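Biologist: I would like to learn how to read helix packing from a model. Please take me through one case.

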Amino acid sequence: MANPLRSEVVRLYKNLLYLGREYPKGSEYFRDRLRSAFSRNRAESDPQAIREMILRGEFVSRELEALYYLKKYRAMKKRYYEE
C-alpha cells in the first residue's frame, strides 16, 4: 500500500526542481542539495513528520519565488531609474 502523502512529496519535489533552474549558485548546485535533502529523509514513515517536512518545503518554495521576484524587480528598477 502506497503512502497517501507520496503524491504531495512528489509534487513538492517537482516544484522545487523547477524553481531551482534559476538558483543564483546554479541549477546543478540546487539539484544536488535538493536530491540529498529528499534522500536523507527517504526512510521517514511517520505521517506527522512527513507533513512537517512538506510544510518546510513549501516555505522554501515561497522563499525562492520571493527571491526571484525581487531579482526581477531590481533588474527592472535598474532599467528605468538611475541610482
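Modeller: This is a predicted model. Start with helix α1 (residues 6–19) and helix α3 (residues 47–80): their axes come within 10 Å and cross at roughly 20 degrees.

Biologist: What does the angle say about how α1 and α3 run relative to each other?

Modeller: Angles under 35 degrees count as roughly parallel. α1 and α3 are therefore roughly parallel to each other. The crossing of α1 past α3 is left-handed.

Biologist: Which residues of α1 and α3 meet?

Modeller: From α1, the contact takes in Glu 8, Val 9, Arg 11, Leu 12, Asn 15, Leu 16 and Leu 19. Their partners in α3 include Ile 50, Met 53, Ile 54, Gly 57, Glu 58 and Tyr 68. Sorted by class, this contact of α1 with α3 has 10 nonpolar, 3 polar and 4 charged residues.

Biologist: How many salt bridges does a search of the whole structure find?

Modeller: The search finds 2. A salt bridge requires a side-chain nitrogen of Lys or Arg within 4 Å of a carboxyl oxygen of Asp or Glu. Arg 11 forms one with Glu 58, where the closest N and O atoms are 3.2 Å apart. Because Arg 11 lies in helix α1 and Glu 58 in helix α3, the pair ties together parts that are 47 residues apart in sequence.

Biologist: At what angle do α1 and α2 pack?

Modeller: α1 and helix α2 (residues 27–40) pack at about 165 degrees, with axes 10 Å apart. Angles over 145 count as roughly antiparallel, and α1 and α2 are therefore roughly antiparallel to each other. Their crossing is right-handed. Val 9, Leu 12, Tyr 13, Leu 16 and Leu 17 of α1 meet Phe 30, Arg 31, Leu 34, Arg 35 and Phe 38 of α2. The residues in this contact comprise 8 nonpolar, no polar and 2 charged.

Biologist: Which feature does UniProt place at residues 8–59?

Modeller: An unreviewed UniProt entry gives "domain: Complex 1 LYR protein" there. Over residues 8–59 the chain is 75% helix and 0% strand, and the end C-alpha atoms are 14 Å apart.

Technical notes:
Residues are numbered from 1 along each chain as its sequence is written. This is a predicted model: local features need pLDDT of at least 70, side-chain atom pairs count only at pLDDT 80 or more; totals for chains, interfaces and linings use all residues. Side-chain values use heavy atoms; hydrogens and water are left out. Axes are lines fitted to C-alpha atoms, for helices over the stretch in contact, and angles run from 0 to 180 degrees between N-to-C directions. Helices (H or I, at least four residues) and strands (E, at least two) are DSSP runs, numbered from the N terminus. Angles under 35 degrees count as roughly parallel, over 145 as roughly antiparallel, 65 to 115 as roughly perpendicular and the rest as oblique. A crossing is left-handed if the near helix is turned anticlockwise from the far one by less than a right angle, and right-handed if clockwise. Contact means heavy atoms within 4.5 Å. Ala, Val, Leu, Ile, Met, Phe, Trp, Tyr, Cys and Pro count as nonpolar, Asp, Glu, Lys and Arg as charged, and the others, Gly among them, as polar. UniProt positions are given in the numbering used here, feature names are shortened, and annotations may be inferred rather than shown by experiment.
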